[in-house]
Amino acid sequence: VATEVPTLYTMIDNLPSLTAAVIAFLSSLRWYNGDSTGILQACFLRKLSSRYMPIFLWIFLQISLSNALTSRFILFLVQFCFGKTSALEGVWMRKVYMSRQVTKFLEAHQNQEVQVVILAAGYDLLAFTLSQQFTNVSFIEIDHPATGEAKVCTLKKLMDQLPRNLYFCHDAIGKGCTIPEALSKNGLTVKNFPTVIIMEGLSFYLTEEENKEIFRELGELFGCDGSIVAFDFFSLDEFGRPSNPNVERLPLLSSIMKYKVMLMGEPFKFGISPAELPAFFKGSGWEPIKSEIAYEDPGREHPEYATMMGIEYEATVKWVSKK
């Protein structure tokens, strides 16, 4: 049965997401070894911190993301405390998973009109980078207003002109505003042709009903042959902590994660086990894709309908019919 956790905390509407900044920081830590994604993310985060973060965080980011020794030390410290298979590896690997879903989709639909939609994009730069590679494809980011505006302002500082096929929609989805309403308010018209939707780092911050409502709206907007949604999720234990047999030193790590996001005003509200995915999507028009097809990860054992990278799971569903 899906786990839903009641909470007294809510995200602060007029401030950029702190969780998004933490994820971006973890993603950028591999800049020093020549990782192109890490280099771009580090450059973006250093620029972002100069305007949207307190002075002590700005100093920390300038030092840690400009000095290889500092970045190596932070990586060592995280892995020493939590084990090599930890939240850190999970952040890296889930981004690899999401990127692969988008690129596989675009390569499979080279001669068709398609589009890419990123829900709760945060400070991730996937759409920004791929929009320059696939110039004939529309990329749409939908995110929290304060976070999205901070991101766009920072990108404009890094580039003279943003890609013309990259669109931004800044609205608080789920807080009295549906996805169709948000798109309409931002002057965006979405066409009903094959779409890959990325929902990274979002499902566990919503209730079960909010998740079902989002998938229902996605089906109404983008439900057609070829459309897919790639997302990540937690399986939560009875204490509302992430649970995954793939992770070393799990109790300590999961407890820290639970209380960290609560303090940031973005607590975990929902969890589900991989085995429950078919029942969760029954009658929605979406159907889980088996992990061996969605990700093709030979040599590692994953649940039937999800991959198991770090502390979270990743899965992809395809549109089958309107029911």
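Notebook: a cavity and a pocket

The model I am working from is predicted.

I then looked up the volume of the largest cavity, which is about 60 Å³. I listed the residues around the largest cavity: S203, N211, F215, F231, F233, F270, I272, L277, F280 and F281. Next I noted the elements that give two or more residues to this lining, namely α9 (208-222), β6 (228-233) and α11 (277-281). Which element has the largest share of the lining of the largest cavity? I found α11, with three residues. I sorted the lining of the largest cavity by residue class and got eight nonpolar residues, two polar and no charged.

For the second largest pocket I have a volume of about 450 Å³. I find 20 residues lining the second largest pocket, and D35, T37, K95, S99 and L126 are the closest to its centre. Elements giving two or more residues to the lining of this pocket are α2 (36-52), α5 (87-108) and α6 (126-133). How many residues make up the largest share of the lining of the second largest pocket? I count seven, and they come from α5.

I sorted the lining of the second largest pocket as well: eight residues are nonpolar, seven polar and five charged.

Technical notes:
Residues numbered from 1 in each chain as written. Predicted model: local features only at pLDDT ≥ 70, side-chain atom pairs only at ≥ 80, totals over all residues. Heavy atoms only, no water. 1 Å grid on protein atoms, 1.4 Å probe; cavity = no way out; pocket = protein on both sides within 12 Å on 5 of 7 lines; lining within 4 Å. Points joined across faces, edges and corners; volume = space filled by probe spheres on them. Helix = DSSP H or I, 4+ residues; strand = E, 2+ residues; numbered from the N terminus. Nonpolar A, V, L, I, M, F, W, Y, C, P; charged D, E, K, R; others polar.
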